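Below is a short report on one protein chain.

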Amino acid sequence: MFTFLLAVLLIGEAFTATKLASISTVILGIAAVAVADARPTEGGGASSVVGDILCLVSAFCYGLYTVLLRKELADDERVSMTFFFG
């Protein structure tokens, strides 16, 4: 989600209903896992919240990295985007 939103804002990526539907499906899957993970267990829950926040920060940083990389290397014929993104 972060990557898509940053791409729309920073490099003018097209905002389409198909992309929005795909991202929404992924978010629903993540929410299902998060709800299942939210059940109380032994060991406390405060560290789980910190871990969730760290995951969100990490996802934002990766999204920003990929968008900025695409912006900077968009016209560079010497670099393959597949090399960077797999």
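## Cysteines

A disulfide is a pair of cysteine sulfur atoms within 2.5 Å. By that criterion the structure holds zero disulfides.

The cut-offs are under 20% relative accessible area for buried, over 50% for exposed, and partly exposed in between, with a 1.4 Å probe and protein chains only.

## Basis of the model

This is a predicted model, in which local features need pLDDT of at least 70 and side-chain atom pairs count only at pLDDT 80 or more, while totals for chains, interfaces and linings use all residues. Residues are numbered from 1 along each chain as its sequence is written, and side-chain values use heavy atoms, with hydrogens and water left out.

## Fold

The chain has four helices and zero strands, in the order α-α-α-α from the N terminus. Helices (H or I, at least four residues) and strands (E, at least two) are DSSP runs numbered from the N terminus.

Contact means heavy atoms within 4.5 Å. Among contacts between residues at least 6 apart in sequence, 50% join residues at least 24 apart.

## Surface

Of the chain's 86 residues, 10% count as buried.

## Confidence

pLDDT is the predictor's confidence in each residue, from 0 to 100. The chain averages 77, and 71% of the residues score at least 70. Among the elements, helix α1 (residues 2–11) has the highest mean pLDDT (84) and helix α4 (residues 81–85) the lowest (62).
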